[in-house]
Amino acid sequence: MGFQMKEFLDFTFTWREVLIAALTTTILMAVLAQLLGVVLGLLAALGGRSRNMVIKGVSGLYVWFFRGTPVLVQIVLLYYGLPSLLGFDPFPKQYGNLPELIGGAFLAATLALGINEGAYMSEIIRAGILSVDSGQAEAAKSLGMTPGKTMSRIILPQALRVIVPPLGNEFNNMLKTTSLASVVGVTELLLLAENRFGGTFRPFEPLIGICVYYLLLTTLWGLVQGRLEKKLGAGLNRNEEAGFWARLLTTSRGAPHSGGVR
Amino acid sequence: MTGHQHATDVAIGHDLLDAAGGAPTGSSEVVVDAQHVDKWFGKLHVLQDVSLQVKRQEVVVVLGPSGSGKTTFIRCVNHLEKIQGGRIFVNGHLIGYRDVAGKLIEDKEANIAKQRQEIGMVFQRFNLFPHKTALENIIEAPTQVRGMSKDEALEVGNALLQRVGLAAKADSYPAQLSGGQQQRVAIARALAMKPALMLFDEPTSALDPEMIGEVLEVMKELAREGMTMIVVTHEMGFAREVADRVVMMDEGRVIEEGTPEHFFNNPTEERTKTFLAKIL
Ligand SMILES: Nc1ncnc2c1ncn2[C@@H]1O[C@H](COP(=O)(O)OP(=O)(O)OP(=O)(O)O)[C@@H](O)[C@H]1O
Ligand SMILES: [Mg+2]
């Protein structure tokens, strides 16, 4: 009974291989899934604006399905369901001589999280695109720019201002949602803790231990996010606006100041 | 750039078109040929059998009350709006459509984009790209669309900025420029594509009064240099001084067309008289 400080400290702060592997897994899975989510979200957002009804339909269906079903079910569906559907196992324990950490369960969970995330990112990117004044696209078109160039060079860079804050929140969520991967046997932080108390029968200490790590990760990310948003210049005041792009692209303060203010 | 320098007053005087790389030549051929254009917005018949020809180097001013279809018409000329009937040709090319056995089939985006390269447009609200400097705004299309080298584009861009009196503002972002300055950059941006035709939609109506002059000055210079222009404006001084022809629209139709002299001295249509009485 009671809280055993020694067990807590031992689990949490003894720097050992399994802990490092679990932390790496959590972070790597979150980053990869988020990246996949951004890419799929962009495709779905653009697809949703397509003149082609098939592309538009597929994009809509994708968002509808993955936002409308539980992500935990999606993970299990992919990991257990896909092999039975295909008749072979695309998710073996290990891929050739890749590190064991990046095995089939890791891949399945990362894919499922990323595909799920894409559905949410699509809505965020869509809102970002819609936030850009329609005169911008018209000006670009009137100069002879193709729809692709108009999007990539004129619309999306301006949409970033609206996309980045919710994107940051999505990644905060993703860091925590990776814990669902434990159900298919990915040894991320949660499964690490479960493995521990499976032997010690003291669940409280390691579970609080991994909370420490989740808090550490989300707090660090919060700091990064704050800086990023500051650079994107939430305020639209004249001088801030001026340095907007320069400040996004340079890390230092006092980014190049351009032109004279009238 | 430290910006200690003040923007000089508009000191153009020389060739805006030279800055963009040469004025269009030729004189009498038709640049814009709009034939019986019909357009609906839902149930609203905004353009009704509108026909208009603009010859090379001609400046046509379009007048008319609010809602008469002026903006809609010039947006059809570069296919920012679809049309439901008639044909619009620019430099002999049917704009926005393929004519398949007398039926209009909308063209591919890539082809429409190509056609738009020849048609510059200046908007009421400037629509400069806020994430790019004045100079970057100007070189964007030449480099991205025409495939011009960055060095060459910078040269063209700087020359154009000089011509519109804004050489000192090359590195300023739109938000750091006054309305008049923004509109002059927007004109330079359109000219950088060396268009055969320039469309202006009330280019000065979003400006503070003291800035209207500097923009009109640039437009007058452009007209003197032989640019073919369709200008929607309520600036009667500009129409009188620069227009070769004035076109009056009302309720989606062209109701009167003539020289500025005819228009301002003895217009025939009652609605034209009423309109002019209101705005002069
Ligand atoms: N996108 C649109 N959808 C529906 N109706 C529109 C649209 N754009 C314009 N209209 C309508 O078409 C008519 C013509 O509009 P247009 O903007 O061409 O007039 P205008 O002559 O430019 O007027 P103004 O002097 O006020 O600029 C108006 O009744 C307007 O309300
Ligand atoms: Mg208008």
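Because the model is predicted, local features need pLDDT of at least 70 and side-chain atom pairs count only at pLDDT 80 or more, while totals for chains, interfaces and linings use all residues. Residues are numbered from 1 along each chain as its sequence is written, chains are lettered from A and ligands numbered from 1 in the order in which they are written, and side-chain values use heavy atoms, with hydrogens and water left out.

We can begin with the ligand. The shell around ligand 1 (residues with a heavy atom within 4 Å of it) consists of Phe41(B), Leu44(B), Val46(B), Pro65(B), Ser66(B), Gly67(B), Ser68(B), Gly69(B), Lys70(B), Thr71(B), Thr72(B) and Glu202(B). By residue class, this shell has four nonpolar, six polar and two charged members; here Ala, Val, Leu, Ile, Met, Phe, Trp, Tyr, Cys and Pro count as nonpolar, Asp, Glu, Lys and Arg as charged, and the others, Gly among them, as polar. Backbone N or O atoms take part at Gly67(B), at 2.8 Å, and at Ser68(B), at 3.2 Å, whereas Lys70(B) brings a polar side-chain atom to 2.7 Å from a ligand oxygen. Taken alone, ligand 1 exposes 640 Å², of which the protein buries 59%; accessible areas follow the Shrake-Rupley method with a 1.4 Å probe, and for residues only the protein chains shown count as cover. Two or more shell residues come from each of β2 (44–55) and α2 (70–77) of chain B, and α2(B) gives the most, with three. Helices (H or I, at least four residues) and strands (E, at least two) are DSSP runs, numbered from the N terminus.

Turning to charged pairs, the structure holds 22 salt bridges over all chains, each a side-chain nitrogen of Lys or Arg within 4 Å of a carboxyl oxygen of Asp or Glu. One of them joins Arg196(A) and Glu7(A) at 3.0 Å, N to O. This pair links distant parts of chain A, helix α8 (residues 189–200) and helix α1 (residues 5–13), with the two residues 189 apart. Arg196(A) is partly exposed at 21% relative accessibility, while Glu7(A) is buried at 9%; buried means under 20% relative accessible area, exposed over 50%, and partly exposed in between (1.4 Å probe, protein chains only).

Another salt bridge, between Glu138(A) and Arg75(B), has an N to O distance of 2.8 Å. The pair crosses between chains, from helix α6 (residues 134–142) of chain A to helix α2 of chain B, and both residues are buried. In chain B, Arg245(B) and Glu257(B) meet at 2.3 Å, N to O. Arg245(B) lies in strand β11 (residues 245–250) and Glu257(B) in strand β12 (residues 253–258), so the pair ties together parts twelve residues apart in sequence. Finally, a network of salt bridges links Arg51(A), Lys82(B), Glu106(B) and Glu109(B).

The aromatic rings complete the picture. There are eight aromatic pairs over all chains, counted for rings of Phe, Tyr and Trp (its six-membered ring) whose centres lie within 6.5 Å; planes under 30 degrees apart count as stacked, over 60 as edge-to-face and the rest as tilted. Phe65(A) and Phe66(A) form an edge-to-face pair, at 4.9 Å centre to centre and 80° between the planes. One aromatic cluster is formed by Phe3(A), Phe8(A), Phe13(A) and Phe204(A).

Key: Polar contact = N/O pair within 3.5 Å; in protein donor to acceptor, adjacent residues only side chain to side chain.
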